[in-house]
Amino acid sequence: MNGLIGKKIGMTNIFDQNGRNIACTIVEVGPCVVTQVKTREEDGYSALQLGFGEAKLKNTSKAQQGHFEKAGTGPKQKLVEFRDFNIVEKSIGEVIKVEEVFAVGDMVDAIGTTKGKGFQGVVKRHGFSGVNDATHGQHNRQRAPGSIGASSFPSRVFKGMRMAGRTGGDRVKVRKLRVLNIFPERNLILIKGAIPGHKGGLVIIQK
Amino acid sequence: MDALHYVHEQLSKKADFPAFRSGDNVVVSYKIKEGDKERIQDFRGDVIQIKGEGSTKTFTVRKISNGVGVERIFPFTSPSIAEVKLLKRGKVRRSRLYYLRALVGKKARIQERKYVKK
């Protein structure tokens, strides 16, 4: 899997040749530093470990400091391993830029952490329809989940029953998004559609 | 310059429209594709809001068509807009003229701004 780590900048729109308005996301992708090269002989599988974003030295553990020192780079915010990275041949300490991995027209997957919504009810969390009546004796039950199971048999609630709880903040992958444009001088990439997470959130763009 | 503005600057062509603002009466000439033929349709009305910035900037034009209020939102960067003509400058005291939606007939008129500051 080839890919890079990036930061979501925000959304905008562009017009295609048919004059249609297309919503797209701007992502700052890379440059990523190769912090480790894993090989089939040594590690059992081949992969590139990439680092992205600057981290403060005081927030980096001694173990990680040593790891970054080996690659000859400063502390990084995020490390991600990409298995079977085969687009470019890179050794430890080298930098990979956007234009080396992605091209306009590519189909990519975006992985990010969705916005946290806090404790939410079943209507928002699981898409329950709620009670569609405001009257007919409903009092205050418009967004209630309804029955969660039968009675004396089985005398318990089944595991995995969808209920209210913490919503959002999940790792989500959105697949098959088209790359609409690339700005190599600012490490920016324009991706059709929305990708998970808030502005400034770290995302993985892979293809 | 932050990344968002940078992308806007790279992508959006500079619209060479006359400088209009809320309350002005304009004609928007809009390209319409019918099959493989293209023709131009005019939409004349009052600008009731301008919002957004960069490539997401839009303006809303409101007109009364056959007694029914019609509003149309145009992006400034849309390639389908052939031309915008400024017909009348309006004298209004706010930038979003939503109050016009509740008014009909003579009350829904906008006074013309005849003396324009240079």
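## Chain A at a glance

Chain A has 4 helices and 12 strands. Keep in mind that this is a predicted model, with every value here computed from it.

Along the principal axes, the C-alpha atoms of chain A fill a box of roughly 70 × 50 × 35 Å.

What share of the 207 residues in chain A is buried? That would be 37%. As for contacts, take those in chain A with a separation of 6 or more: 68% of them come from residues 24 or more positions apart.

## A spot inside chain A: Leu50(A)

Zooming in, Leu50(A) is part of strand S4 of chain A, which covers residues 47–54. Is Leu50(A) buried or exposed? With a relative accessible area of 0%, Leu50(A) falls under the 20% cut-off, so it counts as buried.

There's also a distance to look at here. Val37(A) is 13 residues away from Leu50(A) along the chain, and the C-alpha atoms of the two are separated by 9.0 Å.

## Where chain B meets chain A

On to the interface. It involves 16 residues of chain B in contact with 16 residues of chain A. The area buried between chain B and chain A is about 1,300 Å², and carbon and sulfur atoms give 67% of that. Which element of chain B gives the most to the side that touches chain A? It's helix H1 of chain B (residues 3–11), with 7 residues.

Sorted by type, the residues on the side of chain B that touches chain A are 8 nonpolar, 7 polar and 1 charged. If you go looking for salt bridges between chain B and chain A, the count is 0. Polar contacts do turn up: 3 residue pairs between chain B and chain A, with both residues at pLDDT 80 or more.

## A spot inside chain B: Thr60(B)

Over in chain B, Thr60(B) belongs to strand S3, which runs over residues 58–65. Thr60(B) has a relative accessible area of 2%, under the 20% cut-off, and is therefore classed as buried.

Note on methods:
Residues are numbered from 1 along each chain as its sequence is written. Chains are lettered from A and ligands numbered from 1 in the order in which they are written. This is a predicted model: local features need pLDDT of at least 70, side-chain atom pairs count only at pLDDT 80 or more; totals for chains, interfaces and linings use all residues. Side-chain values use heavy atoms; hydrogens and water are left out. Contact means heavy atoms within 4.5 Å. Buried area is the accessible area (1.4 Å probe) that two parts lose on being put together, summed over both. A salt bridge is a side-chain nitrogen of Lys or Arg within 4 Å of a carboxyl oxygen of Asp or Glu. A polar contact is a pair of N or O atoms within 3.5 Å; within protein, one must be able to donate a hydrogen and the other to accept it, and residues adjacent in sequence count only if both atoms are side-chain atoms. Helices (H or I, at least four residues) and strands (E, at least two) are DSSP runs, numbered from the N terminus. Ala, Val, Leu, Ile, Met, Phe, Trp, Tyr, Cys and Pro count as nonpolar, Asp, Glu, Lys and Arg as charged, and the others, Gly among them, as polar. Buried means under 20% relative accessible area, exposed over 50%, partly exposed in between (1.4 Å probe, protein chains only).
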